[in-house]
Amino acid sequence: MALLDRDIYLRNHVLGVLVAYSCKGLSYSKLLELADSITEAVIEGDRNWQDQSCCNQLMEMTGNLDNDVPQ
């Protein structure tokens, strides 16, 4: 999934969850404002998690190189 597609997917998911609570008095303008804030936080968290995951994988792959190379 492309990065933009993933962002749109996350936005639609957040908005869908919030729409389920619209019957509890959440106005449309507040719903969109809240969706924007939550989506931004989710996307940032997802990117940070992906970056950390890539770093961990790289460290695991290169961590054994020091032990394998004779000095």
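A salt bridge is counted where a side-chain nitrogen of Lys or Arg lies within 4 Å of a carboxyl oxygen of Asp or Glu. By this criterion the structure holds 3 salt bridges. The model is predicted, so local features need pLDDT of at least 70 and side-chain atom pairs count only at pLDDT 80 or more, while totals for chains, interfaces and linings use all residues. Residues are numbered from 1 along each chain as its sequence is written, and side-chain values use heavy atoms, with hydrogens and water left out.

**Salt bridges**
- D7 pairs with R47, their closest N and O atoms being 2.7 Å apart. The pair links distant parts of the chain, with D7 in helix α1 and R47 in helix α2, 40 residues apart.
- R6 forms a salt bridge with D46, at 2.7 Å between the closest N and O atoms. R6 belongs to helix α1 (residues 3-20) and D46 to helix α2, 40 residues apart.
- D36 and R11 meet through their side chains at 2.6 Å, N to O. D36 lies in helix α2 and R11 in helix α1, 25 residues apart.

**Exposure of the paired residues**
- Buried means under 20% relative accessible area, exposed over 50%, and partly exposed in between (1.4 Å probe, protein chains only).
- D7 is buried at 16%, whereas R47 is partly exposed at 34%.
- D46 is buried at 15%, and R6 is partly exposed at 27%.

**Helix α2**
- Helices (H or I, at least four residues) are DSSP runs, numbered from the N terminus.
- The buried residues of α2 are L31, A35, T39, I43 and D46.

Definitions and conventions. Helices (H or I, at least four residues) and strands (E, at least two) are DSSP runs, numbered from the N terminus.
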